Each structure stands twice: as structure tokens, then as C-alpha cells.
Amino acid sequence: ARQGNLLTEEQLKNQRFKLPLDHNYYQMEVEESSKSMKDYFDLLPNELISVVISNLPPKDRLNLRLNKRLQAIEVEAKDYTRKMAITRSDPDVCKIKFTIVDAQEIVTERSHSIRRFSQFASNQVYKEISSE
Amino acid sequence: PNVKLVTSDNEEFVVDFRIAKMSVTVSRLMEAMNMSETDDASLLSNSIPLPNVTKAVMARVIEWCEKHKNDEPKEEKENDKRGRTTHVVSDWDKEFLKNDEFGRLCQLMGAANYLEIKGLFNDISQTIANMIHGKKSDEIAEMFNIHCDLTEAEKKEIRKKTAWCED
């Protein structure tokens with residue numbers, strides 16, 4: 001049943017954003033509003049920030065969780081990691097290393113939100129995969 | 001043949017048909033208005049309204065399009081060791097975007113999205129990502145003047161939740 005979650009090359013490509021993204025940003029007079037802007041990311045709608053985030057590796061994405069809005073966008077944004085190694089450093093903690101390595105547990109061709117990766121880390125999904 | 005594009009502030013830009021066609025949005029509008037490359041009368045008698053783009057931004061968009069009008073359609077390279085599809089910003093594009101302050105980059109990105117010019121959109125989103133890449137949280141916060149509205153408890157929770165990520 002979990003075969004449906006495995007993404008083919010074509011599916012991964014199709015998951016990339018398609019323009020135009022839906023938002024009403026264009027009415028904003030940026031030059032005027034930016035003078036009093038406290039936060040430069042206020043200039044971008046969530047959809048466009050999400051695209052920027054999708055271009056970042058996980059560590060940078062996590063560093064961007066600087067306020068509630070960015071955190072919410074980052075949590076929902078997809079990451080397109082093809083391979084990752086799940087390593088266990090102690091019985092309760094499972095860490096994910098985002099490099100292609102010859103480790104025993106490698107999950108390929110998957111695309112998940114960081115929340116999902118977090119679930120991997122806490123071993124919930126890993127158990128499901130192990131039992132496939 | 002030339003196409004007339006009219007911005008939100010009523011500035012008229014006369015551009016080459018090939019440049020107009022680089023925007024999927026303009027392309028669709030021309031099709032809807034029966035404007036054809038071989039029908040000069042249709043091009044002369046019509047103009048394409050672009051109410052979501054100002055003249056300042058349009059000028060930048062056209063500058064980018066002029067440079068890229070003869071480009072072959074690009075395949076995105078899978079050159080990241082993590083397998084993400086990344087966009088490589090060319091040297092010319094880096095130079096083109098480097099002096100734009102962040103507010104202008106955002107305007108351009110919005111215009112590229114509205115006009116559906118994927119190459120320009122990718123260039124800008126990758127440029128912003130490159131500005132963030134490798135920076136620490138406090139450096140990013142300072143660079144983009146990001147106001148932190150998280151409580152200490154929330155920050156602690158985030159640190160706890162993201163401790164699993166090794167790089």
C-alpha cells in the first residue's frame with residue numbers, strides 16, 4: 001500500500017511549483033511600504049517564501065524558523081530529499097543525515113515536509129517503512 | 001513585429017513579439033485577443049494591459065527578457081548532493097540582480113510569477129535562497145530585519161524539535 005508514496009522522477013518534477021502561484025501580492029506598493037517595513041519577509045507572500053525555502057537545504061530551512069510566520073511556512077514547505085541515512089545515536093534518538101551514504105537504512109525517492117522528517121526522526125514512520 | 005504592453009501606471013512598452021511570448025500570461029492574453037505574429041493589424045490595434053506590474057518593474061523584466069530571448073529551454077540540473085533540484089543562476093543574471101535591494105527583488109519575483117516567466121522567477125528565488133544559505137539564524141534575522149515574535153519557551157521547543165537535523 002505504501003508503494004503509492006514512492007515518487008517517480010516524473011512525479012518529483014511535477015511536484016515543483018507551477019506558476020503563477022496563487023496570491024494577491026501584486027497590489028502591494030512595495031517601495032512605499034518598505035520604508036516602514038519592520039520585516040523584509042513581509043514583502044513576500046507565503047507562497048513565494050515557500051518557493052525560496054524549497055531551494056534551501058534542511059539546515060538553512062531550519063535556521064529560517066525565526067518567527068511564527070516563517071516557522072509555519074517552513075513546516076508546510078516540501079523538501080525534495082531523494083536519499084537520506086537514518087542513524088541511531090542512542091536508543092531514544094534517531095537522527096537523519098542528509099547525505100547520500102552507504103548506510104543500512106536509506107529511504108529513496110521520497111518527498112516530505114520537515115514535520116514528516118521529524119516523524120522519521122522520532123521513529124514513527126521509520127517503523128512503517130521497516131515493515132514494508 | 002512588436003507588441004504593446006501597458007503597465008499599471010499607464011506606461012506603454014513596445015516589445016518584440018518574441019519577448020512578449022516569453023511571458024505565458026502575455027502569450028495567453030494575445031491568444032485571447034486574436035493577436036498573431038503574422039497579423040500586423042491585430043498587433044497595432046491592441047495593447048496588453050498588465051495591471052499588476054509597474055513601469056519600473058516592467059523595465060527590469062524586459063531587460064532580463066532581452067538578454068534571454070534567444071535562450072534554449074533549460075533543463076533544471078540535479079546537482080545537489082541531497083538530490084533537490086536546484087537552479088543555477090548564470091553570471092549575467094547574478095550581475096543583473098546583485099544591485100537590487102531586497103524590496104525590488106520581491107517586486108520582480110512577484111512580477112515574474114504574475115507574468116509566468118519561469119526563468120526569471122527561478123533566478124530570483126534562487127538568488128534569495130543563496131543570500132540565506134550558510135548563514136546562522138541571527139545573521140539571517142539581521143540581514144532581513146526579521147522580527148522575532150517567539151517566546152523563549154517557543155524558541156526552546158523549536159531547538160528541541162530540530163536537534164535531529166545533522167548537516
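The side chains of A:Arg61 and A:Glu74 form a salt bridge with an N to O distance of 3.1 Å, a salt bridge being a side-chain nitrogen of Lys or Arg within 4 Å of a carboxyl oxygen of Asp or Glu. A:Arg61 belongs to helix α4 (residues 58-63) of chain A and A:Glu74 to helix α5 (residues 68-76) of chain A, so the pair links parts that are 13 residues apart in sequence. Helices (H or I, at least four residues) and strands (E, at least two) are DSSP runs numbered from the N terminus. The model is predicted: local features need pLDDT of at least 70 and side-chain atom pairs pLDDT 80 or more, whereas totals for chains, interfaces and linings use all residues. Residues are numbered from 1 along each chain as its sequence is written, chains are lettered from A in the order in which they are written, and side-chain values use heavy atoms, without hydrogens and water.

**Salt bridges**

- Over all chains, the structure holds 11 salt bridges.
- Both A:Arg61 and A:Glu74 are buried, where buried means under 20% relative accessible area, exposed over 50%, and partly exposed in between (1.4 Å probe, protein chains only).
- In chain B, B:Arg28 and B:Glu116 form a salt bridge whose closest N and O atoms are 2.9 Å apart.
- B:Arg28 lies in helix α2 (residues 24-32) of chain B and B:Glu116 in the loop between α6 (102-115) and α7 (118-132), so this pair ties together parts 88 residues apart in sequence.
- B:Glu116 is buried, at 8% relative accessibility.
- B:Glu63 and B:Arg60 form a salt bridge at 3.2 Å between the closest N and O atoms; the two residues lie in helix α4 (residues 55-68) of chain B, 3 residues apart, about one turn of the helix.
- B:Glu63 is partly exposed at 39% relative accessibility, whereas B:Arg60 is buried at 17%.
- Salt bridges with shared partners join A:Arg61, A:Arg65 and A:Glu74 into one network.

**Chain A overall**

- Chain A contains 7 helices and 5 strands, in the sequence pattern α-α-α-α-α-β-β-β-β-β-α-α.
- Of the 132 residues in chain A, 49% are buried.
- Among contacts (heavy atoms within 4.5 Å) in chain A between residues at least 6 apart in sequence, 53% join residues at least 24 apart.

**Chain B, residue B:Lys161**

- B:Lys161 is located in helix α9 (residues 152-161) of chain B.
- B:Lys161 is partly exposed, with a relative accessible area of 45%.
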